[in-house]
Amino acid sequence: MLKQLLTGHRGTVGRKPLLYMYTNQLTVPACRANKYSKAVSLATSIPNLGSKVVPLQEAWGDYLVGRQQPDNAINHYVEAGANGKAAKVALDASNLERAATLIAVLSPHAQEDLSSRLAKLYEQAGNLAEAEKQYIRAGKATAAIHMYFDANRWEDAHKVWTSLFAATF
């Protein structure tokens with residue numbers, strides 16, 4: 001009987017198909033009990049229910065962030081297509097390489113703030129070449145120049161200045 005209800009062979013109740021009603025009744029309690037694996041598995045096993053999987057994956061990522069499991073959360077955000085959230089979690093976890101990869105696929109507007117944060121983290125880690133790339137991506141070339149000045153790397157500061165500002169003079 002449950003299989004018939006889940007596959008939608010029993011018609012509708014009111015205006016909602018039984019498939020929708022019983023899927024919600026099974027996935028929502030599973031999420032409340034933090035059984036996201038079961039909820040995602042159920043949603044993917046039922047035909048025509050692909051649209052349910054994305055919010056479940058994102059909710060699972062939110063749950064994992066709260067449980068201090070950023071690497072797993074990033075994976076679920078990526079599955080949900082929430083690359084911005086995934087990049088923020090990667091930055092918060094100081095997973096710089098993963099954050100750089102995720103930021104690269106975002107829109108230019110979304111990249112600016114995250115690239116600036118990533119550049120500061122690279123600078124703190126002593127990876128000034130990567131910090132320079134991220135500052136430039138964020139539109140903050142002057143921050144890259146100041147970073148090189150502070151590190152007494154005059155040649156690198158001059159190189160950034162000439163590559164970005166020499167054409168304006």
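Colleague: In what order do the elements of the chain run from the N terminus on?
Modeller: The model discussed here is a predicted one. The chain holds 11 helices and two strands. Read from the N terminus on, its elements follow the order α-β-β-α-α-α-α-α-α-α-α-α-α.

Colleague: What percentage of the residues in the chain is buried?
Modeller: A residue is taken as buried when its relative accessible area is under 20%. The chain has 169 residues, and the buried share of them is 35%.

Colleague: Which residues of H6 does H5 meet?
Modeller: H5 passes H6 in a left-handed crossing. By class, this contact has seven nonpolar, one polar and one charged residues. From H5 come Pro 70, Ile 74, Tyr 77 and Val 78, and the residues they meet in H6 are Asn 83, Lys 85, Ala 86, Val 89 and Ala 90.

Colleague: Which helices does the salt bridge between Asp 62 and Lys 85 tie together?
Modeller: In the salt bridge of Asp 62 with Lys 85, the closest N and O atoms are 3.1 Å apart. The two partners are 23 residues apart in sequence, so the pair ties together separate parts of the chain, with Asp 62 in helix H4 (residues 50–66) and Lys 85 in helix H6 (residues 83–92). The helices in question are H4 and H6.

Colleague: What is the N to O distance in the salt bridge of Arg 117 and Asp 92?
Modeller: Arg 117 lies in helix H8 (residues 108–125) and Asp 92 in helix H6, 25 residues apart. Arg 117 is partly exposed at 32% relative accessibility, whereas Asp 92 is exposed at 59%. Their side chains meet in a salt bridge with an N to O distance of 2.7 Å.

Colleague: In which helix do Lys 133 and Glu 130 lie?
Modeller: These two residues form a salt bridge whose closest N and O atoms are 3.1 Å apart. Glu 130 is partly exposed, at 21% relative accessibility. Lys 133 and Glu 130 are three residues apart, about one turn of the helix, and both lie in H9 (residues 128–137).

Colleague: How many salt bridges does a search of the whole structure find?
Modeller: The pairs discussed above include Arg 117 with Asp 92 and Lys 133 with Glu 130. For the whole structure, the number of salt bridges found is six.

Colleague: With which residues is Ser 116 in contact, leaving aside its neighbours within four places in sequence?
Modeller: Ser 116 lies in helix H8. At 4% relative accessibility, Ser 116 counts as buried. With those neighbours left aside, its contacts are Tyr 135, Ala 138 and Lys 140.

Colleague: How are H10 and H11 arranged, and how many nonpolar residues are in their contact?
Modeller: H10 (residues 141–150) and H11 (residues 154–165) pack at about 165 degrees with their axes 7 Å apart, and are therefore roughly antiparallel. Their crossing is left-handed. The contact includes Ile 145, Tyr 148 and Phe 149 in H10, and Val 160, Trp 161 and Leu 164 in H11. One polar and one charged residue take part, and the number of nonpolar residues is 11.

Notes
Residues are numbered from 1 along each chain as its sequence is written. This is a predicted model: local features need pLDDT of at least 70, side-chain atom pairs count only at pLDDT 80 or more; totals for chains, interfaces and linings use all residues. Side-chain values use heavy atoms; hydrogens and water are left out. Axes are lines fitted to C-alpha atoms, for helices over the stretch in contact, and angles run from 0 to 180 degrees between N-to-C directions. Helices (H or I, at least four residues) and strands (E, at least two) are DSSP runs, numbered from the N terminus. Angles under 35 degrees count as roughly parallel, over 145 as roughly antiparallel, 65 to 115 as roughly perpendicular and the rest as oblique. A crossing is left-handed if the near helix is turned anticlockwise from the far one by less than a right angle, and right-handed if clockwise. Contact means heavy atoms within 4.5 Å. Ala, Val, Leu, Ile, Met, Phe, Trp, Tyr, Cys and Pro count as nonpolar, Asp, Glu, Lys and Arg as charged, and the others, Gly among them, as polar. A salt bridge is a side-chain nitrogen of Lys or Arg within 4 Å of a carboxyl oxygen of Asp or Glu. Buried means under 20% relative accessible area, exposed over 50%, partly exposed in between (1.4 Å probe, protein chains only).
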